[in-house]
Amino acid sequence: MDVNEHRLWSLLSEVNEFGALETGGVERLAWTDSEIAAREWLAQRCRGEGLDVDYDEAGNVWAFAGSRPAVMLGSHLDTVPRGGRFDGALGIVSGLETLLSARETKTPGWDRLGLLCFTDEEGVRFGLGMTGSRALAGDIESDEVRSATTSDGIRLTDEMETAGFDPGSIGQVTSRRNDVSAYLEMHVEQGRRLERAGVAAGIVTGIVGLSHWRMDVIGEANHAGTTMAEDRRDALIPVAAAALEAQRTMRETEGLVATVGEAEVTSGATNIVPGHARASLDVRSLDERKIDEANDRIMAAARSTAERNGCELKIQETKRLHAAPMAPPVLDAMRAAARDLDVDAPEMPSMAGHDAMTLTKAGIDCGMVFVRSESGISHSPRENSSQADCVLGASLLATAALRLAWGS
Ligand SMILES: [Zn+2]
């Protein structure tokens with residue numbers, strides 16, 4: 001099914017009036033006036049089209065074209081500070097456009113489609129992230145919501161109450177799982193794989209798992225002038241070894257990224273041999289076996305370097321998120337949709353987290369379509385995808401959603 005190109009693009013322009021920046025980007029942080037207004041615009045726009053619309057207790061917006069449960073198309077309308085016009089917003093407007101085009105053309109399955117806009121996907125204000133989808137998945141504690149504040153002390157619960165929501169009722173959102181037969185999302189790729197391949201859109205096979213480690217290296221602080229090489233116990237050297245091994249491992253392992261993103265010499269100075277260093281390691285892959293192997297390899301390099309340099313190495317895994325494979329029936333519908341439209345849509349994992357990750361863990365069948373990001377830039381006013389690419393991605397999403405809805 002082809003979507004209405006003109007309406008898709010004008011919906012995107014309409015929503016991006018909320019929080020528009022002079023730089024060309026947008027800023028709609030979760031539960032700020034502009035983000036609340038954008039969600040309300042969506043609710044009103046859907047009501048105006050005669051869709052069945054409501055908010056749940058987390059502030060997520062739901063709209064249905066007909067019966068429930070429905071194949072829900074969704075994303076988020078919140079952004080990062082000085083964000084782009086596509087991340088989240090494109091998924092929402094392509095979902096709405098799909099509902100409208102399918103209904104107009106009476107394409108079979110049109111009345112089993114819905115739209116779902118999640119709140120606070122980005123997590124920049126309150127440090128939570130994916131709050132709306134976690135509420136739907138039943139994966140959020142009321143304590144977590146109660147204690148969530150911004151860095152300047154604004155409470156999430158106060159923001160929700162001001163907007164007319166009862167944060168104490170957020171646990172009730174899980175009952176809405178009965179309204180969802182599957183969840184599909186179109187999103188900008190936020191990388192350069194599609195651009196390199198020269199194609200407009202791709203099918204996401206899963207969302208990568210992630211492992212975070214903290215390294216602490218204890219050496220011996222000493223005078224940088226008088227301490228000769230053989231007498232040094234330099235705590236920074238094992239961190240450097242880890243960073244280099246992370247780069248080697250990444251280059252030699254298909255579908256894996258590894259980053260030492262934080263490294264610090266504690267109480268360091270120009271003229272002191274580092275006595276204590278701390279660093280982080282972030283490893284991601286769809287294949288968790290590869291994550292474990294990479295961790296082992298990088299930490300082994302840090303450990304042997306620590307031994308050679310007379311340092312003690314302490315390591316600890318601080319975070320582990322399991323990979324979220326997309327559901328086989330949804331993947332099949334997307335592959336069939338690509339054949340229907342005669343488009344080349346390569347399959348690839350998502351290297352960033354999305355709401356679909358949370359929902360997959362709660363047993364909801366999920367799938368995602370990626371649209372080519374210009375120069376791979378995202379979370380920036382320079383984020384861009386061409387109108388033609390967005391239209392092709394939306395048509396792929398619509399065709400897959402209707403195949404699923406009709407078959408269900
Ligand atoms: Zn996003």
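**Before you start**

The model is predicted, so local features need pLDDT of at least 70 and side-chain atom pairs count only at pLDDT 80 or more, while totals for chains, interfaces and linings use all residues. Residues are numbered from 1 along each chain as its sequence is written, and side-chain values use heavy atoms, with hydrogens and water left out.

**Stop 1: the zinc ion**

Select the zinc ion. His 76 (NE2), Asp 87 (OD) and His 187 (NE2) coordinate the zinc ion at 2.0 to 2.1 Å. Donors here are N, O and S atoms within 2.8 Å of the metal (3.2 Å for Na, K and Ca); water is not among the atoms, so sites may look incomplete. Along the chain, the donors are spaced H-x10-D-x99-H. Asp 87 lies in the loop between β3 (70-76) and α3 (89-105), and His 187 in strand β5 (residues 180-188), so the pair ties together parts 100 residues apart in sequence. Helices (H or I, at least four residues) and strands (E, at least two) are DSSP runs, numbered from the N terminus. Are Asp 87 and His 187 buried or exposed? Both are buried. Buried means under 20% relative accessible area, exposed over 50%, and partly exposed in between (1.4 Å probe, protein chains only).

**Stop 2: the aromatic pairs**

Rings of Phe, Tyr and Trp (its six-membered ring) pair if their centres lie within 6.5 Å; planes under 30 degrees apart count as stacked, over 60 as edge-to-face and the rest as tilted. By this rule there are six aromatic pairs.

Select Phe 18 and Trp 41. This pair is tilted, at 6.5 Å centre to centre and 50° between the planes. Phe 18 lies in the loop between α1 (5-15) and α2 (33-48) and Trp 41 in helix α2, so the pair ties together parts 23 residues apart in sequence. Phe 18 is partly exposed at 22% relative accessible area. Trp 41, at 13%, is buried.

Next, select Trp 62 and Phe 64. Their ring centres are 6.1 Å apart and their planes at 15°, so this pair is stacked. Trp 62 is buried at 0% relative accessibility, and Phe 64 is buried at 1%.

**Stop 3: charges over rings**

Select Trp 31, Tyr 55 and Phe 165, a cluster linked by ring pairs. A charge sits over a ring if NZ of Lys or CZ of Arg is within 6 Å of the ring centre and within 35 degrees of the ring normal. Move to Lys 106, which lies over the face of Trp 110 at 4.6 Å from the ring centre.

**Stop 4: Ala 333**

Select Ala 333 in helix α10 (residues 328-341). Ala 333 is buried at 7% relative accessible area.
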